[in-house]
Amino acid sequence: MQLNLSPIGFIESCFKEKFGIPRQPGLVTAARARLKLIAPYDREEAVRGLDGFSHIWLIFGFHGTAEQGWKPTVRPPRLGGNKRLGVFATRSTFRPNPLGLSVVRLSAVDTTAGVVLSLSGADLLDGTPVYDIKPYLPYADILPDASGGFAPDEPDQSMPIHFSDLALQQLAQARSAYPDLQVLIEQMLRYDPRPAYFGASERDKPFGVRLYEFDVKWRIEAGGALVLAVERV
């Protein structure tokens, strides 16, 4: 059986580029997104009862990497980016069918003009097409005896995050419109979004990541990560 999938809606996300997106959903709780359903799915009756669930599953497309095709083996960041495993043993974006699956917190359901779902803890790129929504069922979806293979535990998030005086000033100016921006930056950087193969030789290399309408510039130092600037694009 061959399926022809059509999006039911698209994501508006704080993540404007692939770099910096958390590698799993729920890790960066300050990551905000909205799912706007499109016609003919943007009807109140299509989401009736959904607001009774705290979390939902999203089936979506890896539109940012789909054109690169699939790879039978990939290098999981969790293993340092040096060991290859089968694509079906990972959550890599380079899949035969570029589909992703994420569970996110459902913060609100707005049906005043179409249907808009407010989400948090999202690991989704801005513009991501969504193909289906399913409610998260704790009694069925929580499996206490499950094992996590090569990633049994949550990644380390102990790296200290520091802000330059300039970055703090810029965050203060943006706080009225983006009150959680500093928390979002801290949570994102604690998981070190750099490629897994980066090491001490790249310690002074500056990086930039797009969040909302800002270019966040930062680098790794001996004491953790230093946010240099938070500049409007």
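Q: What do the values rest on?
A: In this predicted model, local features need pLDDT of at least 70 and side-chain atom pairs count only at pLDDT 80 or more, while totals for chains, interfaces and linings use all residues. Residues are numbered from 1 along each chain as its sequence is written, and side-chain values use heavy atoms, with hydrogens and water left out.

Q: Which helices and strands does the protein chain have, by number?
A: Helices (H or I, at least four residues) and strands (E, at least two) are DSSP runs, numbered from the N terminus. The protein chain has three helices and twelve strands.

Q: What share of the 233 residues is buried?
A: Buried means under 20% relative accessible area, exposed over 50%, and partly exposed in between, with a 1.4 Å probe and protein chains only. In the protein chain, 38% of the 233 residues are buried.

Q: Which residues make up the covered face of strand S11?
A: In S11 (residues 214-221), Phe214, Val216, Trp218 and Ile220 form the covered face. Asp215, Lys217, Arg219 and Glu221 form the uncovered one.

Q: How many bridges join S11 to strand S12?
A: Two strands pair if DSSP finds at least two bridges between them. S11 and S12 (residues 224-232) run antiparallel and share eight bridges; isoleucine 220 has alanine 225 in S12 as its bridge partner. Two residues lie between S11 and S12 in their hairpin.
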